[in-house]
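Q: I am new to this structure. Please take a close look at one part of it with me.

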Amino acid sequence: MERRLIMIRKLNRFSTSGIDKNKLTTSKGNQPKYFDIDNNFIKIDYLGYEGLSEIICSMLLNISSCSFFVHYDEFKDDNNRRGCISKNFLLPNQKIITLYRLFQSYQIDIEKELQSLNMVDKIIYVAGKVEQITGLTDFLRWFVSLLKFDFLVLNEDRHFNNVGVLYDKKLDKFSIMPVFDNGAALLSNLYDYPLYLPLNDSVKKVHSKPFSSNFKKQFDACCSISKDAFLIDYDKIDGIKENAFLYYNEEEVTRCITLLENRLRLFEKYFRV
């Protein structure tokens with residue numbers, strides 16, 4: 001009991017803004033992010049069309065087996081900067097504890113621990129440690145679902161500072177967090193994946209995180225753990241294609257939709273309900 005109280009005090013001191021330099025926790029972008037007076041969370045595009053990616057990903061999640069995710073809408077500020085806006089999903093006493101911070105607080109060198117494990121065992125080990133620390137019993141399934149979704153939309157930024165759990169300081173209780181932070185999906189980084197580059201060439205350049213740089217290998221490992229952790233209602237996909245966007249041009253929208261359609265078709269056997 002005493003050890004748990006010490007660790008909880010450590011967790012309460014941590015912010016979620018620090019980025020470690022190792023491959024499990026590094027991030028590509030540095031988006032401007034802030035809350036408005038209505039407690040809405042706003043993210044401004046930094047490398048391309050991150051806001052568009054967030055919106056389309058949330059629309060896809062809305063027709064999936066995922067029941068807990070953040071919904072995003074388009075946004076443009078007074079300086080004509082575009083991005084996305086969402087409700088603040090955190091309750092007054094809640095904070096996000098990233099996996100990096102969680103393991104750090106328990107003196108777990110997670111990169112060292114994973115070195116000798118195969119892909120499947122890496123995923124199970126990480127989820128098992130999280131469940132052991134937090135008392136959550138369904139983190140493994142949630143984690144596998146998240147990584148399968150990342151594969152589908154090619155989210156290349158799911159490092160250990162972009163995965164975490166919610167912690168309620170008042171109740172001293174952990175809970176599963178919603179799926180969010182998908183701005184690095186759908187080839188949104190126009191510096192790395194310019195619009196003039198053929199779609200297939202861009203797809204070949206994308207690398208995954210956190211267990212492998214190869215999306216398919218990481219995805220196959222997830223499928224071997226759970227085949228039905230993330231599924232899509234294919235009968236509702238047309239609703240995504242019919243959505244009108246105010247602040248994103250036709251070329252950007254078309255690339256996102258074409259990429260998503262291609263991947264939904266290619267991997268239908270894995271994702272169709």
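In β2, which residue is the bridge partner of K33?

A: The bridge partner of K33 is K43, in strand β2. Keep in mind that this is a predicted model.

Start with the strands. Strand β1 covers residues 33-35, and it pairs with β2 in the antiparallel sense. Three bridges join β1 and β2. The two strands form a hairpin, with four residues between them. N39 sits in that turn and has a positive phi of about 65°.

Now turn to the other pairing of β2. Strand β4, residues 82-87, also pairs with β2 in the antiparallel sense. Here there are five bridges. Within this pairing, F41 stands opposite S86 of β4. In general, side chains in a regular strand alternate between the two faces of the sheet.

How enclosed is β2? The strand spans residues 40-44, and four of its five residues are buried. It is therefore largely enclosed by the rest of the structure.

Next, the cysteines. A search of the whole structure finds zero disulfides. C57 is in none, and the nearest cysteine sulfur, that of C256, is 8.3 Å away. A disulfide needs the two sulfur atoms within 2.5 Å. C57 is buried, with a relative accessible area of 1%. C66 is buried as well, at 13%.

The largest nonpolar core has 78 residues. F139 and F143 have the most contacts inside this core. Helix α6, residues 139-153, gives the most to the core, with ten residues. Take F139 on its own. Beyond its neighbours within four places in sequence, F139 is in contact with residues including L99, A127, V130 and I176. V163, G164 and V165 are also among its contacts.

N162 lies in the loop between α6 and β6. N162 counts as buried because its relative accessibility is 15%, and the cut-off for buried is under 20%. Its side chain reaches the backbone oxygen of D157 at 2.7 Å. Leaving out residues up to four places away in sequence, N162 touches D157 and D181.

Last, confidence. The protein chain has a mean pLDDT of 91, and 89% of its residues reach 70 or more. Residues 1-23 stay under 50. The model still has 44 contacts beyond four places in sequence for that stretch. Where pLDDT is low, the predicted coordinates should not be read in detail.

Key:
Residues numbered from 1 in each chain as written. Predicted model: local features only at pLDDT ≥ 70, side-chain atom pairs only at ≥ 80, totals over all residues. Heavy atoms only, no water. Buried < 20%, exposed > 50% of the residue type's maximum accessible area, 1.4 Å probe, protein only. Pairing = 2+ DSSP bridges. Core = buried A, V, L, I, M, F, W, Y, C linked by side-chain atoms within 4.5 Å. Contact = heavy atoms within 4.5 Å. pLDDT = per-residue confidence, 0-100. Polar contact = N/O pair within 3.5 Å; in protein donor to acceptor, adjacent residues only side chain to side chain.
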